[in-house]
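Please look at the structure below with its sequence at hand.

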Amino acid sequence: MLKIVVLVSGGGTNLQAIIDAIGAGTIRNAEIAAVISNKPNAYALTRAAENGIEARCISPKEYAGREEFARALLEAIGAYEPDLIVLAGYLVILPPALVSAYAGRIINIHPSLIPSFCGAGYYGLKVHEAVLARGCKVTGATVHFVDEGTDTGPILLQKAVEVKQGDTPEILQRRVMEEAEWKILPRSIDLIAAGKVSVIDGRAVIAD
Ligand code: GRF
């Protein structure tokens with residue numbers, strides 16, 4: 001059984017997609033041990049609690065500095081002994097100690113087709129604003145492994161989504177969530193739980 005800890009900051013629709021997929025059996029052999037947010041009022045924490053999943057807030061604001069926050073986050077996550085950490089709309093830069101402690105065992109969902117519209121400053125609606133400003137006809141979402149960079153780790157799954165005439169950033173964000181994020185994140189977890197994913201020469205390989 002793959003034990004997962006999910007890190008969140010916002011509404012938790014990606015977390016909900018994972019919860020629903022486990023319930024529906026489209027994610028097999030995995031369980032969410034805990035959900036941890038940096039925001040005490042993140043609705044994602046409510047979603048976790050409503051589904052009987054331990055929900056905690058570890059806010060950087062509660063700690064004197066980065067080192068203390070990093071130590072607290074590592075300790076909190078370590079208590080669950082996760083096999084996989086899932087960043088589902090988590091907006092805090094991960095402490096390097098966490099990335100190295102869980103090397104190859106952290107995945108993130110990003111709302112664009114990496115390497116486009118990613119890296120520092122590209123998160124949430126800002127991504128879709130940039131896609132529309134550039135006049136792109138196709139966008140999408142990416143699940144990737146997390147390394148020491150920002151949105152730079154090996155790509156695991158991607159799914160393209162059409163940009164339509166008249167899209168606002170909000171309309172486009174919703175379509176990318178519905179048609180891409182909420183599909184490829186659960187699928188990624190199911191593949192990892194089935195032991196079908198490996199990283200060879202910096203690229204994710206999925207066994208058929
Ligand atoms: C979404 O824009 C998602 O693409 C990004 O975080 C935002 C919030 O997602 N990863 P959620 O509803 O909190 O899952």
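D201 is exposed, its relative accessible area being 68%; the classes used here are buried for under 20% relative accessible area, exposed for over 50% and partly exposed in between, with a 1.4 Å probe and protein chains only. This residue sits in the loop between β8 and β9 (203–206), where helices (H or I, at least four residues) and strands (E, at least two) are DSSP runs numbered from the N terminus. D201 is not a glycine, yet its phi is positive, at about 50 degrees.

The model is a predicted one, in which local features need pLDDT of at least 70 and side-chain atom pairs count only at pLDDT 80 or more, while totals for chains, interfaces and linings use all residues. Residues are numbered from 1 along each chain as its sequence is written, and side-chain values use heavy atoms, with hydrogens and water left out.

N29 likewise has a positive phi, about 60 degrees, without being a glycine. N29 belongs to the loop between α1 and β2 and is partly exposed, with a relative accessible area of 41%. Another backbone feature is the cis peptide bond between I114 and P115, with omega at about 15 degrees. P115 lies in the loop between β5 (106–110) and α5.

The loop between α6 and β8 (197–200) contains G195, which counts as exposed at 61% relative accessibility. G195 and L2 are 193 residues apart in sequence, but their C-alpha atoms are 9.7 Å apart in space.

Next comes the packing of the helices. Axes are lines fitted to C-alpha atoms, for helices over the stretch in contact, and angles run from 0 to 180 degrees between N-to-C directions. Helix α1 (residues 13–24) packs against helix α2 (residues 43–50) at an angle of about 20 degrees, and the two axes are 9 Å apart. That angle makes α1 roughly parallel to α2; angles under 35 degrees count as roughly parallel, over 145 as roughly antiparallel, 65 to 115 as roughly perpendicular and the rest as oblique. On the α1 side the contact (heavy atoms within 4.5 Å) is made by T13, L15, Q16 and I19, and on the α2 side by A44, R47 and A48. Four of these residues are nonpolar, two polar and one charged; Ala, Val, Leu, Ile, Met, Phe, Trp, Tyr, Cys and Pro count as nonpolar, Asp, Glu, Lys and Arg as charged, and the others, Gly among them, as polar.

Helix α1 also packs against α6, here at an angle of about 55 degrees with the axes 9 Å apart. The two helices are therefore oblique to each other, and their crossing is right-handed. T13, N14, A17, I18 and A21 of α1 make the contact with M177, E181, W182, L185, P186 and I189 of α6. By class, these residues are eight nonpolar, two polar and one charged.

A further partner of α6 is helix α5 (residues 125–134), which packs against α6 at about 110 degrees with the axes 9 Å apart. The pair is therefore roughly perpendicular, and α5 passes α6 in a right-handed crossing. In this contact L125, H128, E129, V131 and L132 of α5 meet P169, E170, L172, Q173 and V176 of α6. The residues comprise six nonpolar, two polar and two charged.

How many salt bridges does the model have? The count comes to three, a salt bridge being a side-chain nitrogen of Lys or Arg within 4 Å of a carboxyl oxygen of Asp or Glu. One of them pairs R28 with D190, the closest N and O atoms being 2.4 Å apart. R28 lies in the loop between α1 and β2 (30–37) and D190 in helix α6 (residues 169–193), so this pair ties together parts that are 162 residues apart in sequence. D190 counts as buried, at 3% relative accessibility.

R175 and D167 form another salt bridge, at 2.7 Å from N to O, and both residues are buried. In the bridge between E178 and R174 the N to O distance is 2.9 Å. E178 and R174 are four residues apart in helix α6, and so are separated by about one helical turn. E178 is partly exposed at 39% relative accessibility, as is R174 with a relative accessible area of 44%.

Note on methods:
Left-handed = near helix turned anticlockwise from the far one by under 90°.
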